[in-house]
Every structure is written in C-alpha cells, then in structure tokens.
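Have a look at the model below before reading on.

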Amino acid sequence: MAKTIVTYFSASGVTEKVAKELAKIADADLFEIKPQIPYSNADLKWMNPLARCNKEKFGKKDVPVEGCVEHMEEYDLILIGFPIWYYGAPNVVNTFVKDYDFSGKKIALFATSGGSDIGKSAEKLKPYLSDTAEIISSKLFRASDGEDVLKEWIDSL
C-alpha cells in the first residue's frame, strides 16, 4: 500500500476541513502548509489591490513556509490542497512545492472555492515539481460536499 500524506494550506478553514476528512478517509498523515508570517484578515482582502495576497500573487513572490514535512521521501502519494486564488494555488503552496524533491511521486491536487473552478491549477503548479513527478488527479471540492464525494475521489487515486 502506498504511503500517503495530505498537505494543505487553508485561509478560511474550508480547505482544512476537507484536508482533515481526506486524511481520515485515506488513513494518511497530515501536514498544514502555514506561511511563516500568518495572514491577517486584511492580508486576505483580495478586493484591495494593496492586500498582501495580491502583492504576493502579482509580484510572484515566494512565501516562506513554517516547518517542514519530515521524511518526505517515504511518501508515494502526496495530496496538496489549497483554496483557489486567481485561478491557481496561492504562492505559499508554490513555495512549499519548490522546497521538496517530488521525483517519482504521484501528486493529487484538491482545491476549494466559493465560485471558481480548479482551472489550470495543475499546469501552473507543474513547473515547481520535478520532471518525474506525476500529477494524477486534480479535484475541486465545495464546502457542502459530503464524505461520500471525498471517499469516491480517494478511492479513484
């Protein structure tokens, strides 16, 4: 059986809820991707062009991650979850991915959003992965999705 870890960044708690449920269903380890400098509510006000989330995204800035996954090399399947920001993963997720060697790993992306779809998130994240990492799935979940929807996706992996 493949050793699995669910990693996630959550701004409002929705992605965290999905990640914890996926980890439970998959009997997987769990790691929260947290920026070294936590986001305030003002930082996340995307309608304000001067908000931190906008400066990071448009400035293509790395966002240092607090902590690290120990023994990442032991995992065969890595689930990476995030809220959709500007049709992709937040920069803190990009930085997280850059920090590890995913050679030969299977990657499954999951995202949450109030209105956007998962779009080209996989294509946008691929340049940060090693050439031999394989994104095997990407799925958007809504806060209202039940355990049966999450289990169906896990089983498909």
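What follows is a short tour, starting with the sheet.

This is a predicted model, so local features need pLDDT of at least 70 and side-chain atom pairs count only at pLDDT 80 or more, while totals for chains, interfaces and linings use all residues. Residues are numbered from 1 along each chain as its sequence is written, and side-chain values use heavy atoms, with hydrogens and water left out.

**The sheet**

Five strands make up an open sheet, running β2-β1-β5-β6-β7 with parallel pairing. Strands here are DSSP runs of E with at least two residues, helices are runs of H or I with at least four, and both are numbered from the N terminus. Two strands pair if DSSP finds at least two bridges between them. At the edges sit β2 (29-32) and β7 (134-141), each pairing on one side only. From one strand to the next, the twist averages 20 degrees.

Zooming in, β1 (residues 4-8) pairs with β5 (residues 77-83) in the parallel sense, over five bridges. There, T7 stands opposite I80 in β5. Helix α5 (residues 147-156) packs on the sheet and touches β5, β6 (106-112) and β7, where contact means heavy atoms within 4.5 Å. The direction of α5 makes about 170 degrees with that of β7; axes are lines fitted to C-alpha atoms (for helices, over the stretch in contact), and angles run from 0 to 180 degrees between N-to-C directions.

**The pockets**

A pocket is an open set of points on a 1 Å grid over the protein atoms alone, where a 1.4 Å probe fits, with protein on both sides within 12 Å along at least five of seven lines; lining residues have an atom within 4 Å of a point. Grid points are joined across faces, edges and corners, and the volume is the space filled by probe spheres set on them.

| Largest | About 590 Å³ | 21 residues | L44, W46, P83, I84 and W85 |

For the second largest pocket, α3 (91-98) and α4 (121-125) are the elements that give two or more residues to the lining. The largest share, four residues, comes from α3.

**The salt bridges**

There are nine salt bridges in the structure, each a side-chain nitrogen of Lys or Arg within 4 Å of a carboxyl oxygen of Asp or Glu. One of them joins K34 and E66, with the closest N and O atoms 3.6 Å apart. Because K34 lies in β3 (residues 34-35) and E66 in β4 (residues 65-66), the pair ties together parts that are 32 residues apart in sequence.
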